[in-house]
Amino acid sequence: MPNKISNEMVERLAGLAKLSLSDEEKKKAGNDLEEMLCYIDKLNELDTEHIPPTYQIHPTVNVFREDILTNRDFAKEALSNAPSQREQSFVAPKTIGREEI
């Protein structure tokens, strides 16, 4: 396999990603990385010279909508679907400090 990933490379990548991997996980990660590189090599073999780009964004064209400021109060509308509310706020069951979790 031309794209051999060494154990040292896997350990370095795991360290950069702040991952603790077992020896088995390192071996699997190395194999997965090798497969990805082989796939990328396969894609690089494709002749795309006469294929037009699928998108191109011109730097002076705003492709996003314009922001429109409103003074609309969304609280009433949002709370209309709340199963329980109090003082213009959602009420949710207690999750911290419960005995039965």
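Helices (H or I, at least four residues) and strands (E, at least two) are DSSP runs, numbered from the N terminus. With that in hand, welcome to a predicted model, in which local features need pLDDT of at least 70 and side-chain atom pairs count only at pLDDT 80 or more, while totals for chains, interfaces and linings use all residues. Residues are numbered from 1 along each chain as its sequence is written, and side-chain values use heavy atoms, with hydrogens and water left out.

**Layout and confidence**

- The chain holds three helices and two strands, and its elements follow the order α-α-α-β-β from the N terminus on.
- Mean pLDDT, the predictor's confidence in each residue on a scale from 0 to 100, is 85 for the chain, and 86% of the residues reach 70 or more.
- Among the elements, confidence is highest in α1, at a mean of 94, and lowest in helix α3 (residues 75–79), at 86.

**Surface and contacts**

- Of the 101 residues in the chain, 8% are buried, where buried means under 20% relative accessible area, exposed means over 50% and partly exposed lies in between (1.4 Å probe, protein chains only).
- The chain exposes about 10,200 Å², with carbon and sulfur atoms supplying 55% of that area; the areas come from the Shrake-Rupley method with a 1.4 Å probe, and for residues only the protein chains shown count as cover.
- Counting contacts (heavy atoms within 4.5 Å) with a separation of 6 or more, 37% are between residues 24 or more positions apart.

**How α1 meets α2**

- Helix α1 (residues 7–16) packs against helix α2 (residues 23–44) at an angle of about 100°, and their axes are 9 Å apart.
- Axes here are lines fitted to C-alpha atoms, for helices over the stretch in contact, and angles run from 0 to 180 degrees between N-to-C directions.
- The two helices α1 and α2 are therefore roughly perpendicular to each other, a label for angles of 65 to 115 degrees; under 35 counts as roughly parallel, over 145 as roughly antiparallel and the rest as oblique.
- On the α1 side, the contact is made by Val10, Glu11 and Leu13, and on the α2 side by Lys26, Ala29, Gly30 and Leu33.

**Two loop residues with positive phi**

- Lysine 18 is not a glycine, yet its phi is positive, at about 60°.
- This lysine 18 sits in the loop between α1 and α2 and is exposed, with a relative accessible area of 73%.
- Glutamine 88, also a residue other than glycine, has a positive phi near 55°.
- Glutamine 88 is found in the loop between β1 (85–86) and β2 (89–90) and is exposed, with a relative accessible area of 66%.
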